[in-house]
Amino acid sequence: VYKRQVTMWINYFDIGIGNGLRNKLTESLVKNNIEEAKTLVSTAYAMVIFISVFSFIIFLLIPMFASWSKIFNVEEIYNAELHSVMLLIISAVLVNFIFSLNNHVAYANQMASFPGFKQIIFQFSLLVGVLIILSTSKHGSLFNLAVIYTLSTVGSNLILTFILFNKYKNLIPSPKYFSLNHIKSLMSLGVQFFIIQIAALIIFATDNMIITHILGPSEVTNYNVIHKLFTPVLFIHGILIAPLWSGFTESFSNNNFIWIKSTFRKLNLYTLLLAFVIVILAIFAKPIIFLWLKDLSFYSFPLVAVMALYTFIMIWNNNYAYFLNGISKLKLQLYTAVIGSAINIPISIFLARNMGLGSPGVALGSIISLSLFAIAGPLQTTHILKNKR
């Protein structure tokens with residue numbers, strides 16, 4: 001869990017360059033301005049490489065100020081192993097940090113299936129690696145698992161990068177196309193994305209930390225089991241919505257509001273269907289968990305109910321966030337995200353500890369934080385589509 005949290009934090013440190021590239025590159029491709037498109041790609045890669053090198057230097061300095069065992073709240077005897085594991089994991093994440101721009105290049109070219117294909121390769125490679133470890137070693141090793149993770153994630157990214165730029169050779173990044181002028185273009189949009197990303201990170205990625213320090217590490221497992229119960233719904237929604245960001249960018253650039261409105265009608269229908277699935281999962285959560293884990297100690301009706309609502313609000317918000325992100329209308333989303341992130345931790349702690357709600361209180365705190373955009377997002381979207389601007 002903690003490895004995922006730390007790598008998630010690092011993945012946001014591109015200062016929004018990836019999302020800025022996605023929008024700007026889509027606009028350039030719509031205009032068929034290939035030279036500008038290649039300049040944008042080359043400049044974005046150069047910026048992310050610089051950030052990755054700088055981040056690695058910062059990472060090397062962390063042990064001088066705090067041990068990894070204290071950061072992750074585990075016994076001191078695990079510190080040496082954690083240091084080796086984190087060195088390997090962070091190195092892999094920073095390499096992928098650079099390669100991750102291929103996702104945005106693929107999305108800008110309306111190739112939403114490519115990032116999904118990369119995930120399939122990654123998950124399959126990870127599964128094979130874990131099976132190899134289990135068959136060749138009697139004792140578990142966090143370091144060996146980190147090696148498998150590194151090989152799987154870097155390998156899958158290399159494959160996607162080769163396939164993508166083999167198809168779009170005219171977009172292969174080159175130092176000759178690096179442009180200082182385009183840094184401002186990417187950063188002006190990217191910084192807004194970055195602030196929203198950091199705010200979202202505080203809301204989504206601090207739940208486990210709060211639960212660990214208030215209720216103990218064991219409660220994190222219960223929380224994540226219930227969360228994973230609803231993960232398939234988020235996965236399905238992610239597949240449905242993945243290509244729409246760049247689709248909204250392209251359609252808005254071409255003033256194709258008919259397509260946008262039609263897409264939203266379909267999206268609302270899909271959201272209703274997913275809401276029905278969420279309700280079914282909540283109703284049958286107890287038998288599902290028993291069939292899954294053969295252990296009902298993980299089941300908690302209050303946590304299931306709150307997590308069901310949490311899942312729906314994430315889906316609801318993403319529908320409108322993808323549209324507003326795609327057309328670069330970020331200010332209202334930025335304001336609600338910053339306010340939500342500011343109140344998230346204190347509200348979650350208050351509900352979990354002071355009100356005695358436990359882990360459901362932490363999830364409820366996140367729901368309250370997300371509710372600001374759940375109201376503001378649809379209102380802004382309706383206003384934009386009504387006024388066609």
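**Helices, burial and surface patches**

Trainee: In which helix is the place of Ile90?

Mentor: This is a predicted model, where local features need pLDDT of at least 70, side-chain atom pairs count only at pLDDT 80 or more, and totals for chains, interfaces and linings use all residues. Residues are numbered from 1 along each chain as its sequence is written, and side-chain values use heavy atoms, with hydrogens and water left out. Helices are DSSP runs of H or I with at least four residues, numbered from the N terminus. The run of residues 79–99 holds Ile90, and this is helix α5.

Trainee: Is Ile90 buried or exposed?

Mentor: Buried means under 20% relative accessible area, exposed over 50%, and partly exposed in between (1.4 Å probe, protein chains only). Ile90 has a relative accessible area of 2%, so Ile90 is buried.

Trainee: How many Å separate the C-alpha atoms of Ile90 and Ser55?

Mentor: Along the chain, Ile90 and Ser55 are 35 residues apart.

Trainee: How many of the 10 residues of helix α12 are buried?

Mentor: Helix α12 covers residues 244–253 and is largely enclosed by the rest of the structure. Trp245 and Phe248 are among its buried residues, whereas Ser253, at 37% relative accessibility, counts as partly exposed. The buried count for α12 is 8.

Trainee: Which residue with a positive phi follows α12?

Mentor: Ser253 lies in α12. The residue that follows the helix has a phi near 60°, and it is Asn255.

Trainee: What accessible area do Ile49, Phe50, Val53, Phe54, Ile57, Ile58 and Leu61 have together?

Mentor: Patches use residues with over 30% relative accessible area and no salt bridge, joining like charges within 9 Å and nonpolar side chains (Val, Leu, Ile, Met, Phe, Trp, Tyr) within 5 Å. A salt bridge is a side-chain nitrogen of Lys or Arg within 4 Å of a carboxyl oxygen of Asp or Glu. Leu61, found in helix α3 (residues 34–61), is partly exposed at 37% relative accessibility. By the Shrake-Rupley method with a 1.4 Å probe, the accessible area of this nonpolar surface patch is about 670 Å².

How values were computed
Helices (H or I, at least four residues) and strands (E, at least two) are DSSP runs, numbered from the N terminus.
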